[in-house]
Amino acid sequence: MSTTGRLDRIWIKRFHRGPMDAVDRAALRAGRGLAGNANQGGRRQVTLIARGRWDHVNETLADDVDPVLRRANVLVSGIDLAHTRGRVLRLGACRLRINGETRPCERMDEAWPGLRAALEPEWRGGVYAEVLDDGEIAVGDAVGWEASADARESAP
């Protein structure tokens, strides 16, 4: 699994079931989520998808589907998000704790026929996370995993 990557896209949903607005920069608020996003607080403050998994979705659908249709907040490349529950991901200067896999819902098939089934396997639907730090993120920022406490304790 790659340990460094890039923040490729950011989307903000201003209201429930509203459009996903692409932005180049966004503010993260600890314990809340993306400033201006409809979903605030709880364990699902930010949703993320990985470019590599999205490429598999496109292969399954035999088409080039825009990842905005997944309705996630962030698209990253060069890093895999599968099976990362409990890990801490750094987006630029901010940290997010991955709380679980985002399961696709029936709205995915409204967006693109067959999308829900294409997202089902291998964590292709991405992950949801809580924001640990206030800060700004921007398209092009570095993305990487924080070392686990066990790894830091065993480092020379």
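The legends below accompany several close-up views of one predicted model.

Residues are numbered from 1 along each chain as its sequence is written.

**View 1. An open sheet of 3 strands, in the order β4-β3-β10, shows antiparallel pairing.**
Strands (E, at least two residues) and helices (H or I, at least four residues) are DSSP runs numbered from the N terminus, and two strands pair if DSSP finds at least two bridges between them. The edge strands are β4, residues 33-34, and β10, residues 135-138, each of which pairs on one side only. Strand β3, which covers residues 25-29, joins β4 in the antiparallel sense over 2 bridges, and Arg29 has Gly33 in β4 as its bridge partner.

**View 2. The largest nonpolar core of the model has 26 residues.**
A nonpolar core is a set of buried Ala, Val, Leu, Ile, Met, Phe, Trp, Tyr and Cys residues joined through side-chain atoms within 4.5 Å, where buried means under 20% relative accessible area, exposed means over 50%, and partly exposed lies in between (1.4 Å probe, protein chains only). Leu48, Leu89, Leu91 and Ile137 have the most contacts inside this core, to which several strands, including β1 (4-13), β5 (46-50) and β8 (94-101), each supply at least two residues. Apart from this core lies another, of 14 residues, among them Trp11, Leu61, Ala72 and Leu75.

**View 3. Ile137 touches residues that include Leu7, Ile10, Leu28, Leu34, Leu91 and Cys94.**
Contact here means heavy atoms within 4.5 Å, and residues up to four places away in sequence are not counted. Among the residues touched by Ile137 are also Asp24 and Arg25. Cys94 has a relative accessibility of 1% and therefore counts as buried, whereas Cys105, at 29%, is partly exposed. With a disulfide taken as a pair of cysteine sulfur atoms within 2.5 Å, the count comes to 0 disulfides.

**View 4. Arg6 and Asp8 meet through their side chains in a salt bridge.**
A salt bridge is a side-chain nitrogen of Lys or Arg within 4 Å of a carboxyl oxygen of Asp or Glu, and a search of the whole structure finds 13 of them. Between Arg6 and Asp8 the distance from N to O is 2.7 Å; Arg6 is partly exposed at 38% relative accessibility, while Asp8 is buried at 16%. Arg103 and Glu101 also meet in a salt bridge, at 2.6 Å from N to O, with Arg103 partly exposed at 43% and Glu101 buried at 16%.

**View 5. Glu110 forms a salt bridge with Arg107 in helix α2.**
The closest N and O atoms of Glu110 and Arg107 are 3.7 Å apart, and the two residues lie 3 residues apart, about one turn of the helix, which covers residues 107-111. At 56% relative accessibility, Glu110 counts as exposed. Elsewhere, salt bridges that share partners join Arg53, Asp80, Glu122 and Arg124 into one network.

**View 6. Arg14 lies in the loop between β1 and β2 (20-23).**
The C-alpha atoms of Arg14 and Asn37 are separated by 5.0 Å, although these residues are 23 residues apart along the chain. Leaving aside residues up to four places away in sequence, Arg14 touches Pro19, Asp21, Gly36 and Ala38. The side chains of Arg14 and Asp21 make a polar contact at 2.4 Å; such a contact is a pair of N or O atoms within 3.5 Å, of which, within protein, one must be able to donate a hydrogen and the other to accept it, and residues adjacent in sequence count only if both atoms are side-chain atoms.

How values were computed: Predicted model: local features only at pLDDT ≥ 70, side-chain atom pairs only at ≥ 80, totals over all residues. Heavy atoms only, no water.
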